[in-house]
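These are my notes from a first look at one chain. I began with a single side chain and then turned to the whole.

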Amino acid sequence: MAEGLFRQLVEESGEDITVASAGIGAMDGAPPSANSVDAMNEEGIDISAQRSQMLIPPMVEEFTHIFGMGRGHIELIRNYFPGSVEKTFVLREFLGDGDLDLDVPDPIGMDLEEYKRCRNLIKEAMPGILKFVISGDLEA
């Protein structure tokens with residue numbers, strides 16, 4: 001869902017930013033869940049053609065920014081790829097509200113409403129992420 005939301009935002013902005021997603025425990029080639037597709041269709045975004053992929057060293061080297069859904073994801077990425085520390089962030093840290101829970105829960109196996117809730121948590125962070133990626137400034 002994050003890839004689809006960010007891709008749409010980047011396209012709307014006219015910026016030249018490549019968007020991709022990968023996971024530490026992802027199985028290569030798996031389609032998004034039906035609930036992810038349905039939740040994103042409500043936003044007018046079709047993610048049905050997206051396929052999961054495992055985060056591998058060449059990606060970590062190539063990517064300029066890596067965003068995880070929660071602190072646990074970021075800790076794992078930083079442990080597996082120590083050279084990624086400076087470019088690895090929690091997705092929701094760009095909301096500017098230090099009191100927020102930064103973790104986006106994994107809705108796998110849950111109902112559509114939980115997927116929508118997670119989509120919305122991700123979506124509200126996207127403008128701040130785009131500003132950060134463009135400017136490089138955490139306070140952007």
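I looked up the side chain of Q50 and found one of its polar atoms 3.5 Å from the backbone nitrogen of G4. A polar contact is a pair of N or O atoms within 3.5 Å; within protein, one must be able to donate a hydrogen and the other to accept it, and residues adjacent in sequence count only if both atoms are side-chain atoms. The model is predicted, so I note that local features need pLDDT of at least 70 and side-chain atom pairs pLDDT 80 or more, while totals for chains, interfaces and linings use all residues. Residues are numbered from 1 along each chain as its sequence is written, and side-chain values use heavy atoms, without hydrogens and water.

Next I asked where Q50 sits: it is in the loop between α2 (34-41) and α3 (57-62). Helices (H or I, at least four residues) and strands (E, at least two) are DSSP runs, numbered from the N terminus.

I then checked the surroundings of Q50. Beyond neighbours within four places in sequence, Q50 is in contact (heavy atoms within 4.5 Å) with E3, G4, A30, P31 and P32. Q50 counts as buried because its relative accessibility is 18%; buried means under 20% relative accessible area, exposed over 50%, partly exposed in between (1.4 Å probe, protein chains only).

Last, I turned to the chain. I counted five helices and two strands, in the order α-α-α-β-α-β-α. Of its 140 residues, 36% count as buried. The C-alpha atoms fill a box of roughly 35 × 30 × 30 Å along the principal axes.
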